[in-house]
Amino acid sequence: HVKRYTEERELTVMLLVDCSGSQRFGRGFQQKRDVAAELAALLAFSAIKVVPQGCQFTVERFGRYTRTLRPGIAFLIPFVDRIGKRVSMMEAVLDVPRQEVITKDNAIVSVDAIVFIQVMDAPKSAYEVENYRLAVLNLCLTNIRTVVGSMDLDEVLSQRDAINARLLTVIDAATHAWGTKVMRLDIKHLA
């Protein structure tokens with residue numbers, strides 16, 4: 001039985017070798033098939049994108065913004081389209097650091113705040129401002145100085161809600177161009 005098996009195996013190997021002695025389905029074919037499979041996997045990986053809930057991705061074609069991907073599965077043209085910016089659409093909390101402010105009657109007040117912002121328009125937040133979080137934070141710092149500096153010390157200490165409302169309207173109007181909305185702004189500490 002062993003001799004017959006060996007003869008059948010040799011016959012099978014001989015059938016795989018053609019007249020010139022090269023193999024039809026040998027090692028070279030397997031390597032080409034592996035390379036083709038890897039290339040197909042690379043194409044699929046670059047063409048299929050999954051956007052998680054609470055995020056939006058901007059798509060750029062040759063460096064120029066073309067569209068926005070919403071949560072779910074999306075398809076891109078491989079090597080032509082690419083993900084530009086990944087933008088979180090969830091509400092974020094920014095802590096405005098404490099600063100010293102001089103009031104209208106030359107008293108020094110220490111003020112810090114907390115700001116709740118949310119991106120409403122992903123392309124604007126990605127392409128209209130370099131870093132929208134830093135921009136909102138700096139806007140809050142300067143507007144706190146402006147609003148508190150235009151009031152007397154007694155007004156500052158007694159009208160915290162009025163200061164919050166005034167700051168919210170001013171900052172929200174300014175951040176609209178960046179595709180963000182200031183949901184809430186609260187003065188944490190006044191001293």
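**Exercise 1.** In this predicted model, determine in which sense β6 and strand β7 (residues 108-119) pair, and over how many bridges.

*Solution.* Begin with the two strands themselves: β6 and β7 pair in the antiparallel sense, and nine bridges connect them. Then widen the view to the open sheet of three strands, whose order is β6-β7-β8 and whose pairing is antiparallel. Its edge strands are β6 (92-102) and β8 (180-190), each of which pairs on one side only. On average, neighbouring strands of this sheet are turned by 25° against each other, direction ignored.

**Exercise 2.** Describe how strand β2 (residues 55-61) is joined to strand β3 (residues 64-69), and find which residue of the hairpin takes a positive phi.

*Solution.* The strands β2 and β3 run antiparallel and are joined by five bridges. Within this pairing, valine 59 has arginine 67 in β3 as its bridge partner. The hairpin has two residues between the strands, and phenylalanine 62 takes a positive phi near 55°.

**Exercise 3.** Work out which element gives the largest share of the lining of the largest pocket, and how the lining divides by class.

*Solution.* The largest pocket holds about 150 Å³ of space. Two or more lining residues come from each of β5 (81-88), α3 (122-127) and α4 (132-149), and β5 gives the largest share, with four residues. Among the lining residues are Lys85, Ser125 and Tyr132. Sorted by class, the lining has four nonpolar, three polar and four charged residues.

Key. Residues numbered from 1 in each chain as written. Predicted model: local features only at pLDDT ≥ 70, side-chain atom pairs only at ≥ 80, totals over all residues. Heavy atoms only, no water. 1 Å grid on protein atoms, 1.4 Å probe; cavity = no way out; pocket = protein on both sides within 12 Å on 5 of 7 lines; lining within 4 Å. Points joined across faces, edges and corners; volume = space filled by probe spheres on them. Nonpolar A, V, L, I, M, F, W, Y, C, P; charged D, E, K, R; others polar. Pairing = 2+ DSSP bridges. Axes fitted to C-alpha atoms, helices over the stretch in contact; angles between N-to-C directions.
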